[in-house]
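Hi everyone, thanks for coming. Today I'd like to walk you through one structure, step by step, so please have a look at it with me.

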Amino acid sequence: MKKILFVDDEEGMHQIFRMLLKREAREGLFSVEYFTSASQCLAYAEGSSSLEDLVILTDISMPGMDGFELLERIREKFPQVPVVVISAHESDVYLEKAKRLGAIAYLTKPLEIAELKKLL
Amino acid sequence: MALAAGYCFIVTMQPLGSSDLFIRLRTAAVNALDLTTPSSGSSVSAFDGSSLLVTGVTLGYMLVLIVLSWIHYDQRRAAESEFQQHRRQLEGLISQRAEELQKKNEELEKKIAEIRTLQDSVVAQKKLASLGKLSAGIAHEIKNPLNMINNSAKTIIDFVNESMPGYVERVSKYLERQEKEYFLEDMNDIKVASEIIVANGARANSIINNMLSQVARRGVQARQVGLVSQVDESLSIVYHTMRALNPFSLEIQKEYDAESRSFNVHEDFGRVFTNVFENAFYAMKEKRRQVGDPYQPVLKIKIQSVPDKVLVLIGDNGIGIPKDVLENVMEPFFTTKPPGEGTGLGLSMVHDLVTANGGDVDIVSEPGVETTVRIQLPKRPQERSV
Ligand SMILES: Nc1ncnc2c1ncn2[C@@H]1O[C@H](COP(=O)(O)OP(=O)(O)OP(=O)(O)O)[C@@H](O)[C@H]1O
Ligand SMILES: [Mg+2]
């Protein structure tokens, strides 16, 4: 089963993500771990016994380590873990940067259920 | 010699070419030429008496004419010198006028330059005014739909809290175990979602109110608010705006002493702190642009209560302020930002508002290293004059 690591400094986004994918979660397609900072997520990944089924979904703008930095670190340490970048901005600059750093997708808020499903 | 004089004479008399006298003289001159220039074939001894006479008369004429033309020349010289004198006078007059004109011109240019600067500042102020109007207009436009969202979300919360639990209890009696679990979760999520809407609606509202408060709000009753909460609210607004535009990691160190928590300020102080934070974030953003990734921005906020004052210290480790710039930062319209980015009104507004409340602002900075803005506010109540 896939395990999603969802990173956003705003807890409201955790709830929204959970509610959006409630039905799929009930079908047992995946489980989710929520983090309010990139460093928490990184620590979790480092402590994981298996990286096989991990997928990281991260917000960009967060205090402390931001989403791009997390993306870079994950690419370095765990290149097999796919990272999806989420932002409130439809910005080409962000999109380019996310691609360049090796994100598998770039999503904008508000998140769309259809897009999330496609990704999974 | 005579020959030359003859030519000369003929040349001099040219203007009279049509007169009788000239024709006669010319004939005489031609004759004289014949005399002095023996033509090929004619003998030198063949002198004609009448010719001699004519020649004599001609020479006489010529002499008279030479004298006459000398006199004429003399008169002309006199006239010329008179003319030169007039010319010099005229030239003097002209150059005097030219000088006057030059002066007038310079004065005019100065005036034009003055008008230009005046015009520029008027244009700038107008732009500012229309920018203010624009953002106020947009804020109002957003406020209406936002109010509807907030109001509706509140009615959902009321429903969820008051009527729904009863319905849920009655309905869930009829559900299977698993179904019931999902049903309860869904019903709870209605509450969660509406709470998120209400909380974030309030957040958007406060951002908009702050935007509106940037535009003059005369005639509105002043409200006193807690200093600490005002500082935190401004920080949160600036932080969220800044990181939305330009995400970077930032360390925020807060040090608020217990006593300062009871201190209140006029609600306009939101604008004061917002502007100081904006400057700090800008300075750190610039530093990051210059130095790159190894740079770790740190914002330090200290609120301290001393015997009859409260101090607010806002420090950043951004680009700092050079000494010659520091002298001017509180001047209205002084900015080092590229055109269109800064109004240069931030710190002048900060200064005006703080001093109007009996306080004081000063800035210390080590260029390239850090800047600290210190705002001192008196503890005794102050009359507001702005
Ligand atoms: N924390 C700071 N670090 C470095 N320079 C600063 C700082 N605060 C102010 N300054 C300097 O002071 C100038 C004037 O600041 P002020 O807030 O009055 O206007 P501005 O920030 O340029 O424009 P605006 O406030 O409209 O964006 C700035 O352009 C900048 O050069
Ligand atoms: Mg400013």
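What percentage of the 386 residues of chain B count as buried? The answer is 30%. Before we go on, please keep in mind that this is a predicted model.

Let's stay with chain B for a moment. Its secondary structure comes to nine helices and seven strands. Take the contacts in chain B between residues at least 6 apart in sequence: 72% of these join residues at least 24 apart. Chain B exposes about 25300 Å², and carbon and sulfur atoms supply 58% of that.

Now for chain A. Here we have 120 residues, and 45% of them count as buried. Six helices and five strands make up the secondary structure of chain A. If you read along the sequence, the pattern is β-α-α-β-α-β-α-β-α-β-α. For contacts in chain A between residues at least 6 apart in sequence, the share that joins residues at least 24 apart is 64%. Chain A exposes about 6000 Å², with carbon and sulfur atoms supplying 50%.

Next, the inside of the protein. In soluble globular proteins, nonpolar side chains tend to be buried together. With that in mind, how many residues does the largest nonpolar core have here? It has 41 residues, and those with the most contacts inside it include Leu227(B), Val231(B), Phe273(B) and Phe277(B). Several elements of chain B each supply at least two residues of this core, among them helix 6 (227–245), helix 7, strand 4 (298–306) and strand 5 (309–316). Which element gives the most to this core? That is helix 7 of chain B, with eight residues.

Let's zoom in on Phe273(B). Leaving aside its neighbours within four places in sequence, Phe273(B) is in contact with Leu227(B), Gln230(B), Val231(B), Ser234(B), Val312(B), Ile314(B) and Ile375(B). There is also a second, separate core of 26 residues, which includes Val7(A), Cys41(A), Leu51(A) and Ala98(A).

One of the partners of Phe273(B) is Ser234(B), so let's visit that serine. Ser234(B) is found in helix 6 of chain B. Is Ser234(B) buried or exposed? Its relative accessibility is 1%, and buried means under 20%, so Ser234(B) counts as buried. Setting aside neighbours within four places in sequence, Ser234(B) is in contact with Gly270(B), Phe273(B), Thr274(B) and Phe277(B).

Now let's look at a place where both chains come into the story. Pro247(B) lies in the loop between helix 6 and strand 2 (251–256) of chain B. Pro247(B) counts as buried because its relative accessibility is 16%. What is Pro247(B) in contact with, leaving aside its neighbours within four places in sequence? The list is Ile60(A), Ser61(A), Asp66(A) and Tyr94(A). Within its own chain, Pro247(B) is 38 residues from Lys285(B) in sequence, and the two are 9.6 Å apart in space, C-alpha to C-alpha.

Let's follow Tyr94(A) across into chain A. Tyr94(A) is found in helix 5 of chain A, and with a relative accessible area of 10% this tyrosine is buried. Tyr106(A) is twelve residues away from Tyr94(A) along the chain, and their C-alpha atoms are separated by 8.5 Å. Have a look at the ends of helix 5 too. Ser91(A) caps the N-terminal end of this helix (residues 92–100), with a side-chain oxygen 3.2 Å from the backbone nitrogen of Val93(A). Just after helix 5, Gly102(A) takes a positive phi of about 100°.

Last stop: the ligand. Which residues come nearest, of the 17 around ligand 1? They are Thr335(B), Thr336(B), Lys337(B), Thr343(B) and Leu347(B). By class, this shell has six nonpolar, nine polar and two charged residues. A polar side-chain atom of Asp316(B) lies 3.0 Å from a nitrogen atom of ligand 1. On the backbone side, a polar atom of Gly344(B) is 3.1 Å from an oxygen atom of the ligand, and a backbone N or O atom of Gly346(B) lies 3.5 Å from an oxygen atom of ligand 1. On its own, ligand 1 has 590 Å² of accessible area, and the protein covers 92% of that. Two elements of chain B give two or more residues to the shell: helix 7 (269–291) and helix 9 (346–356). Helix 7 gives the most, with three residues.

Methods: Residues numbered from 1 in each chain as written. Chains lettered and ligands numbered in written order. Predicted model: local features only at pLDDT ≥ 70, side-chain atom pairs only at ≥ 80, totals over all residues. Heavy atoms only, no water. Near = heavy atom within 4 Å. Polar contact = N/O pair within 3.5 Å; in protein donor to acceptor, adjacent residues only side chain to side chain. Areas by Shrake-Rupley, 256 points an atom, 1.4 Å probe, with all protein chains shown as cover. Helix = DSSP H or I, 4+ residues; strand = E, 2+ residues; numbered from the N terminus. Nonpolar A, V, L, I, M, F, W, Y, C, P; charged D, E, K, R; others polar. Core = buried A, V, L, I, M, F, W, Y, C linked by side-chain atoms within 4.5 Å. Buried < 20%, exposed > 50% of the residue type's maximum accessible area, 1.4 Å probe, protein only. Contact = heavy atoms within 4.5 Å.
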